[in-house]
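Reader: I would like to learn how to read an interface, a salt bridge and a helix packing. Please take me through them one by one.

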4 protein chains.
Amino acid sequence: MSGRRSPPSSQPGTTSKPGPSGPGQVDAVLPDPCLAFGVDEFVDALPAKMRESDEGITFATDGGVSVGADFMALQAAWVEGIVGMARAGARIVVDDVFLGGAASQQRWWKALAGIDVLWVGVRCEPAVAAGREIARGDRTHGMAELQADVVHQGVVYDLKVDTTHTESLDCALIIAARLS
Amino acid sequence: MSGRRSPPSSQPGTTSKPGPSGPGQVDAVLPDPCLAFGVDEFVDALPAKMRESDEGITFATDGGVSVGADFMALQAAWVEGIVGMARAGARIVVDDVFLGGAASQQRWWKALAGIDVLWVGVRCEPAVAAGREIARGDRTHGMAELQADVVHQGVVYDLKVDTTHTESLDCALIIAARLS
Amino acid sequence: MSGRRSPPSSQPGTTSKPGPSGPGQVDAVLPDPCLAFGVDEFVDALPAKMRESDEGITFATDGGVSVGADFMALQAAWVEGIVGMARAGARIVVDDVFLGGAASQQRWWKALAGIDVLWVGVRCEPAVAAGREIARGDRTHGMAELQADVVHQGVVYDLKVDTTHTESLDCALIIAARLS
Amino acid sequence: MSGRRSPPSSQPGTTSKPGPSGPGQVDAVLPDPCLAFGVDEFVDALPAKMRESDEGITFATDGGVSVGADFMALQAAWVEGIVGMARAGARIVVDDVFLGGAASQQRWWKALAGIDVLWVGVRCEPAVAAGREIARGDRTHGMAELQADVVHQGVVYDLKVDTTHTESLDCALIIAARLS
């Protein structure tokens, strides 16, 4: 409505960081100015001590990710604020990983009431995602594979793209085409 | 009010990046979980093309910074969103540079209506700021000196700290003490 | 000879940075410990002022790269030192971009006298390279396309890989297989 | 001799990363072109898997650092190569942390035979170093304090600077003055 568009997209296979293996740079091909955020920037906004605390977020050596009560509370506030930027008139691109599947999407959905949204599911074959994770060199091994399934369970999309055999820029162009 | 506290602080002499020369890591010493944001993260959220456009933000070789209409519009939305996170219950630390002096503070002030705020002015002698800028190696030379005066003109603070001769952690502890 | 192997590889289409679009992480799949270096680390080792000087290295807005006398002198010393690490017994992976084509390879060739080397050419279709450059968001646009041809002119390889349709990890595994 | 100068400096209190709290940017104030390297760049050149292996390098949660046989072998080759760059005519700045105290310096000393070197000891009061470590936010807490003593034991310097109360740029200028 009202011409505003704020397309949160989940980028599971690649653990959400905007990067060459996903269409995280969709903002680079959108014609209008926008703000791009990702769950990684949210984690960076947390105090360092919360990145190794049970109440915050912990990364197991097998690639598992656990989050606690403080993390959930701050994340809820962050979601409200990002949506607030859209309400204030900014086009927003959000790159999130729905570790809670449908429940994660529900949280955004409720906050987004009345906002025009394009939901984009970004898939990648688990084996390819795992390979890209090794190639990046800065991710806990196993994370991509562990997340590949759960992040799509029960999630509803307006558009799906698959980066397994399609260049990330081409995926971004497909998304941009749907927004114009 | 309400126990929430969201202290935007301006960090002029050091051009705002949370770092060793300013109390950007004040979140590291606060007892309660919080989210920390800075103007640099806002600039990172802009599309790359806006970082070299007159409508966006441009950095002159003499350290001057110019911003255009698109930048101002997205920044206003960003401010609304950050304040929205505070309204949603999160403690927030904001590290901003008031290139517009009092006018920049006014924009935050209006958005922050009803929110409990501690305004902290962070100073540093221009010559020391310029030296730290060289030592960092990732800033346009001259930026610190050009910004040193303008960012404080007409700005009102609850607390002032000076990092010229005080370690940044000690400044952070002074700020934290005022919040508890 | 002697079991040491130091495979300098040129990574043109991707402008040499070890990253997901090239097999820069070949060290991740090699069975033995090794050191990995790239031309980007060399540029980072230069004083900041050389990164904007005619005697150093300058990046034009069209993606062109120019280097001067100081750059060439330090680069020659850097090449000698990297080869020195191989002579001292370390396996080395070098990720270079031969902006001077065959002449660039000659410089390495002379320094590498007596060292067992696998030369790997890494190709990528220019259009795909240009797209990845946009997706990365941290490269001067046009660089990939400008470099795509020149970096292979007259260069001799023991092995060629193409990242256009092959995942970078798979390219790395092909290279690793040739080394074992 | 010969006008070449390659001043390895140890930067203990700050755990060696060139940064605002130490004179790591000494290359920024030297009149002649040079290459700057640090132990952190060496660690970055290691395969990711060596950064969590007993044969490589491991970081304990108390700030302790342990290195194994593969690390020592590659480090010896790296030292040879860095010295090789100086022998090839480049001015070099090395920023190392002598976790092995005098024994660490001995390894450089032997490799540097015949090279003109300025040894600079960089100190910082442990409490201040610990505070800067917290302010940086990207270091294991306790590392600075644990390393503060051991890295100077038996080490011989031509020049000592102390960053406790002196700006890092001023320390860099003191070093540069000794080299001209």
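Reader: How many residue pairs are in polar contact between chain B and chain A?

Author: Keep in mind that this is a predicted model. Between chain B and chain A, 5 residue pairs are in polar contact, with both residues at pLDDT 80 or more.

Reader: Which elements of chain B supply at least two residues of the side that touches chain A?

Author: There are strand S2 (35-38), helix H1 (39-45) and helix H2 (69-87) of chain B. H2(B) gives the most, with 9 residues. By class, the side of chain B that touches chain A has 19 nonpolar, 2 polar and 4 charged residues.

Reader: How is the size of an interface given?

Author: Often as the accessible area lost when the parts come together. Here, about 1,900 Å² is buried between chain B and chain A. Carbon and sulfur atoms give 71% of that area. In residues, 25 of chain B are in contact with 25 of chain A.

Reader: Now salt bridges. How many does the structure hold over all chains?

Author: The count over all chains is 8. One pair to look at is B:Asp32 with B:Arg91, whose side chains meet in a salt bridge at 3.7 Å, N to O. The cut-off for this distance is 4 Å, so the pair counts.

Reader: Where in the chain do B:Asp32 and B:Arg91 lie?

Author: B:Asp32 is in the loop between strand S1 (8-10) and S2 of chain B. B:Arg91 is in the loop between H2 and strand S5 (92-96) of chain B. The two residues are 59 residues apart, and the pair links distant parts of the chain.

Reader: On to helix packing. At what angle do H4 and H5 of chain A pack?

Author: Read the angle together with the distance between the axes. Helix H4 (residues 126-136) and helix H5 (residues 143-150) of chain A pack at about 145 degrees, with axes 8 Å apart. Their crossing is right-handed.

Reader: Which residues make the contact of H4(A) with H5(A)?

Author: H4(A) brings A:Pro126, A:Ala129, A:Ala130 and A:Glu133. H5(A) brings A:Met143, A:Ala144, A:Glu145 and A:Ala148. By class, 6 are nonpolar, none polar and 2 charged.

Reader: What are the angle and axis distance for H4 and H5 of chain C?

Author: In chain C, H4 (residues 126-136) and H5 (residues 143-150) pack at about 145 degrees, and their axes are 8 Å apart. H4(C) passes H5(C) in a right-handed crossing. Residues in the contact include C:Pro126 of H4(C) and C:Met143 of H5(C). The contact has 6 nonpolar, no polar and 2 charged residues.

Methods: Residues are numbered from 1 along each chain as its sequence is written. Chains are lettered from A and ligands numbered from 1 in the order in which they are written. This is a predicted model: local features need pLDDT of at least 70, side-chain atom pairs count only at pLDDT 80 or more; totals for chains, interfaces and linings use all residues. Side-chain values use heavy atoms; hydrogens and water are left out. Axes are lines fitted to C-alpha atoms, for helices over the stretch in contact, and angles run from 0 to 180 degrees between N-to-C directions. Helices (H or I, at least four residues) and strands (E, at least two) are DSSP runs, numbered from the N terminus. A crossing is left-handed if the near helix is turned anticlockwise from the far one by less than a right angle, and right-handed if clockwise. Contact means heavy atoms within 4.5 Å. Ala, Val, Leu, Ile, Met, Phe, Trp, Tyr, Cys and Pro count as nonpolar, Asp, Glu, Lys and Arg as charged, and the others, Gly among them, as polar. Buried area is the accessible area (1.4 Å probe) that two parts lose on being put together, summed over both. A polar contact is a pair of N or O atoms within 3.5 Å; within protein, one must be able to donate a hydrogen and the other to accept it, and residues adjacent in sequence count only if both atoms are side-chain atoms.
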